[in-house]
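Thanks for coming. I will take you through one structure, a few places at a time. Please have a look before I start.

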Amino acid sequence: MSRLTASELCREDYEVLRTNALPQEYKQLSEQQLDRRIAEARAQLGDRVIILGHHYQRDEIIKFADYRGDSLKLAQQAAKHRDVPFIVFCGVHFMAEAADILTGDNQTVILPNLEAGCSLADMAEIGQVETCWEELGRAGVTEGLVPVTYINSAADLKAFVGQHGGIVCTSSNAPKIATWAFEQGQRLLFFPDQHLGRITAIDLGIPLEEILLWDPTEPYGGHTPEALQKAKVFLWKGHCSVHTRFKIEQIQKARREYPALQVVVHPECTLDVVQAADAYGSTEFIIQKIRESVPGSQWAVGTEINLVNRMADEMPDKIISCLDPIVCPCSTMYRIHPAYLCWALENLAQGKVVNPIKVPPEIAHGARIALERMLKVT
Ligand code: CIZ
């Protein structure tokens with residue numbers, strides 16, 4: 001087995017495979033074969049690797065994670081492990097980018113399948129955000145305007161906010177981050193998830209009339225300069241296709257059928273759903289809320305199905321189900337199939353780096369400012 005050290009990683013001649021063309025051999029392996037081979041490669045790599053697993057990953061992946069968590073927790077773990085040359089990120093692209101930005105140049109972050117992206121993150125592109133900023137400038141509202149990007153965004157958007165006095169937030173820390181933003185200025189531009197932005201603003205006491213939805217396909221986001229001047233919060237027109245499937249009718253039906261039921265949802269759900277729930281918060285919040293509830297509690301949960309099913313398995317003293325009877329998993333998270341993890345780890349054990357995520361230095365610089373501001377405020 002060839003061993004890669006941190007200093008070897010700085011050389012330009014180590015072999016890199018950047019492809020989604022999973023070799024046929026891996027596609028034919030059974031679940032048991034994959035399990036065994038992942039465990040063997042993991043053991044071979046020892047302390048040269050850590051595996052990070054997002055809560056939305058399937059169980060077959062999560063069982064190999066050294067750390068599991070939401071994007072905030074995983075970003076913190078990546079930033080903490082400065083002595084580990086390889087970080088295998090079982091999550092989606094923007095999370096691996098954040099890990100790369102927060103780790104040293106001699107560390108490599110691997111995303112086993114490059115197609116594991118996030119459709120919400122893709123709803124805001126840097127050119128559109130720059131146009132938005134210019135148009136808001138022309139409308140006279142960029143003075144005191146603080147840009148906040150949800151962590152579900154590409155690195156160049158994080159760099160944009162870093163360079164414009166702004167910050168990154170996650171669903172775990174959004175209220176704290178928005179409070180920080182209002183200490184820096186009087187207005188907030190929040191992208192790309194309108195729903196998290198809206199409930200966060202409302203919780204800070206901002207009335208709905210002062211919250212405007214910015215449509216990037218329309219000039220001036222679809223508003224007159226006068227309307228823009230009256231607004232306090234501009235929300236990007238983006239959404240998560242999994243969380244917006246949850247509907248208020250599902251809550252009403254579940255409550256009719258199970259009067260003792262409590263409903264907890266993620267803040268990427270629409271405002272009516274969030275306000276009709278008993279509680280809302282990030283995945284970490286949801287897990288903690290249910291864990292702390294009394295035995296026998298009944299919960300309907302509005303978030304991704306892998307996490308809901310895992311909580312049901314791990315907390316058998318509670319009755320936990322998904323709010324949406326016809327749930328679909330996050331299809332992009334699902335792209336980290338065990339075959340990809342096995343492929344990435346076995347290659348790494350042989351000195352080949354599959355699908356490293358390297359954010360270009362000029363983007364990483366600004367994005368690091370925004371991410372480190374977040375870690376400091378959190
Ligand atoms: O922050 C994250 O990891 C996401 C995308 C959701 C959550 O609440 O954990």
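I begin with helix 8: seven of its nine residues are buried, so the helix is largely enclosed by the rest of the structure. Buried here means under 20% relative accessible area, exposed over 50%, and partly exposed in between, with a 1.4 Å probe and protein chains only. Helices (H or I, at least four residues) and strands (E, at least two) are DSSP runs, numbered from the N terminus.

A word on the source: this is a predicted model, where local features need pLDDT of at least 70, side-chain atom pairs count only at pLDDT 80 or more, and totals for chains, interfaces and linings use all residues. Residues are numbered from 1 along each chain as its sequence is written, and side-chain values use heavy atoms, with hydrogens and water left out.

Back to helix 8. Its buried residues are Ala155, Leu157, Lys158, Ala159, Phe160, Val161 and Gly162. They pack against helix 6 (93-102), helix 7 (126-138), strand 6, strand 7 (167-169), strand 8 (187-191) and helix 17 (361-377). After the helix comes Gly165, with a positive phi near 75°.

Now the loop between strand 6 (145-150) and helix 8 (155-163), where Ser153 is placed. Is Ser153 buried or exposed? Ser153 is buried, at a relative accessible area of 0%. Leaving aside neighbours within four places in sequence, Ser153 is in contact (heavy atoms within 4.5 Å) with Phe94, Glu97, Ala121, Lys158 and Pro192. A polar atom of the Ser153 side chain also lies 2.8 Å from the backbone oxygen of Tyr150.

Next, the ligand. Which residues are around the ligand? They are His54, Tyr56, Asp70, Ser71, Asn152, Ser171, His266, Ser282 and Thr283, each with a heavy atom within 4 Å of it. An N or O atom in the His54 side chain is 2.5 Å from a ligand oxygen. For Ser71, a polar side-chain atom lies 2.6 Å from an oxygen atom of the ligand, and for Thr283 the distance is 2.5 Å.

Last, Thr270, in the loop between strand 11 (262-265) and helix 13 (271-276). Thr270 is buried, with a relative accessible area of 18%. Not counting residues up to four places away in sequence, Thr270 touches His195, Thr244 and Phe246. The C-alpha atoms of Thr270 and Ile357 are separated by 32 Å, and these residues are 87 apart along the chain.

Conventions. A polar contact is a pair of N or O atoms within 3.5 Å; within protein, one must be able to donate a hydrogen and the other to accept it, and residues adjacent in sequence count only if both atoms are side-chain atoms.
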